[in-house]
Structure formats: structure tokens, C-alpha cells
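Please walk through this structure with me, from its surface to its sheet and back out to its loops. Keep the model open as you read.

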Amino acid sequence: MLGQAVDLGGGVFKKRLGKNRFRSIILAKGGRNWVYEYLFAKEDLDNISVSDLANFRKLARSYEGLTDREIVELSANQDWVEIFE
């Protein structure tokens with residue numbers, strides 16, 4: 001939100017981590033949740049593919065439709081882990 005991530009469109013953001021050595025793909029469609037979906041080292045992968053981006057956009061849309069109850073269940077089952085700042 002503070003300009004520290006690149007908006008790839010469709011609720012997909014790319015953020016640099018670890019002194020620019022790592023990247024994360026964050027899904028944030030709908031503004032309710034920010035989901036760190038994919039982490040990778042810059043030395044291993046320069047960028048995600050066009051097809052990966054399309055799939056991340058689809059996933060962001062599906063996350064947007066989750067109810068509060070479904071999000072609680074994802075956390076309870078440890079499919080999602082909440083990160084506190």
C-alpha cells in the first residue's frame with residue numbers, strides 16, 4: 001500500500017524482499033486480505049511467466065469471494081497462516 005510493491009494487475013502484486021534478493025507474489029483482490037502466495041529467490045527465477053500471472057489473477061478473484069467463515073477455516077486447518085506485523 002505504501003508503494004513498496006509493483007501492481008501486476010488483477011489483484012496481483014510483486015514485492016521485493018531480503019535486500020532485493022527475493023521476490024514474493026501477493027494476492028490482494030478485494031482489499032480484505034493480503035495473501036503471500038508465492039516466494040522465490042531472484043537468482044532462481046527472474047520473473048513469473050505470463051501463464052503464471054494469469055493463474056495468480058484467477059486465484060486472486062477466487063480469494064475475493066471467500067467468506068469470513070471460509071477464511072477462519074483455512075486458518076484453523078493451517079492452509080493459511082496469519083502473519084502479524
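**A guided reading of the model**

Tyr-36, Leu-39 and Ile-83 make a nonpolar surface patch of about 350 Å². Patches are built from residues with over 30% relative accessible area and no salt bridge; like charges are joined within 9 Å, and nonpolar side chains (Val, Leu, Ile, Met, Phe, Trp, Tyr) within 5 Å. Accessible areas come from the Shrake-Rupley method with a 1.4 Å probe, and for residues only the protein chains shown count as cover. This is a predicted model, in which local features need pLDDT of at least 70 and side-chain atom pairs count only at pLDDT 80 or more, while totals for chains, interfaces and linings use all residues. Residues are numbered from 1 along each chain as its sequence is written, and side-chain values use heavy atoms, with hydrogens and water left out.

Stay with Ile-83 for a moment. Ile-83 sits in the segment after helix H2 (68-76). Helices (H or I, at least four residues) and strands (E, at least two) are DSSP runs, numbered from the N terminus. Ile-83 counts as exposed because its relative accessibility is 66%. The classes are buried (under 20% relative accessible area), exposed (over 50%) and partly exposed (in between), with a 1.4 Å probe and protein chains only.

Now look at the sheet. Its four strands run in the order E1-E2-E3-E4, the sheet is open, and the pairing is antiparallel. Strand E1 (5-9) and strand E4 (35-41) are the edges; each has a single partner strand, so one side of each lacks a neighbour in the sheet. From one strand to the next, the twist averages 25°. Axes here are lines fitted to C-alpha atoms, for helices over the stretch in contact, and angles run from 0 to 180 degrees between N-to-C directions. Two strands pair if DSSP finds at least two bridges between them.

Take the pairs in order. E1 and E2 run antiparallel and are joined by four bridges. Ala-5 has Lys-15 in E2 as its bridge partner. The E1-E2 hairpin has two residues between the strands, and Gly-10 there takes a positive phi near 65°.

Next comes E2 with strand E3 (residues 22-27): six bridges, again antiparallel. Phe-13 has Ile-26 in E3 as its bridge partner. Leu-17 stands opposite Phe-22 in E3. These two strands form a hairpin with four residues between them, and in the turn Gly-18 has a positive phi of about 55°.

E3 is also joined to E4 by six bridges, and this pair runs antiparallel. Here Arg-23 stands opposite Phe-40 in E4. How many of the six residues of E3 are buried? Five are, so E3 is largely enclosed by the rest of the structure.

Is Lys-15 buried or exposed? Lys-15 counts as buried because its relative accessibility is 17%. Beyond its neighbours within four places in sequence, Lys-15 is in contact (heavy atoms within 4.5 Å) with Gln-4, Ala-5, Phe-22, Arg-23, Ser-24, Ile-26 and Tyr-36.

Turn to the loops. Lys-19 is found between E2 and E3. Its phi is positive, about 55°, although Lys-19 is not a glycine. Most residues other than glycine have a negative phi. Lys-19 is exposed, with a relative accessible area of 81%. Gln-78 also has a positive phi, near 60°, and is a residue other than glycine. Gln-78 is found in the segment after H2. At 65% relative accessibility, Gln-78 counts as exposed.

Asp-46 lies in the loop between E4 and helix H1 (50-64). Asp-46 is exposed, at 61% relative accessible area. The C-alpha atoms of Asp-46 and Arg-23 are 9.2 Å apart, with the two residues 23 apart along the chain.

The structure holds one salt bridge, a side-chain nitrogen of Lys or Arg within 4 Å of a carboxyl oxygen of Asp or Glu. Which side chains meet in it? Those of Glu-73 and Arg-69 do, at 3.1 Å, N to O. The two residues are four apart in H2, so about one helical turn separates Glu-73 from Arg-69. Glu-73 is partly exposed at 38% relative accessible area, while Arg-69 counts as exposed at 62%.
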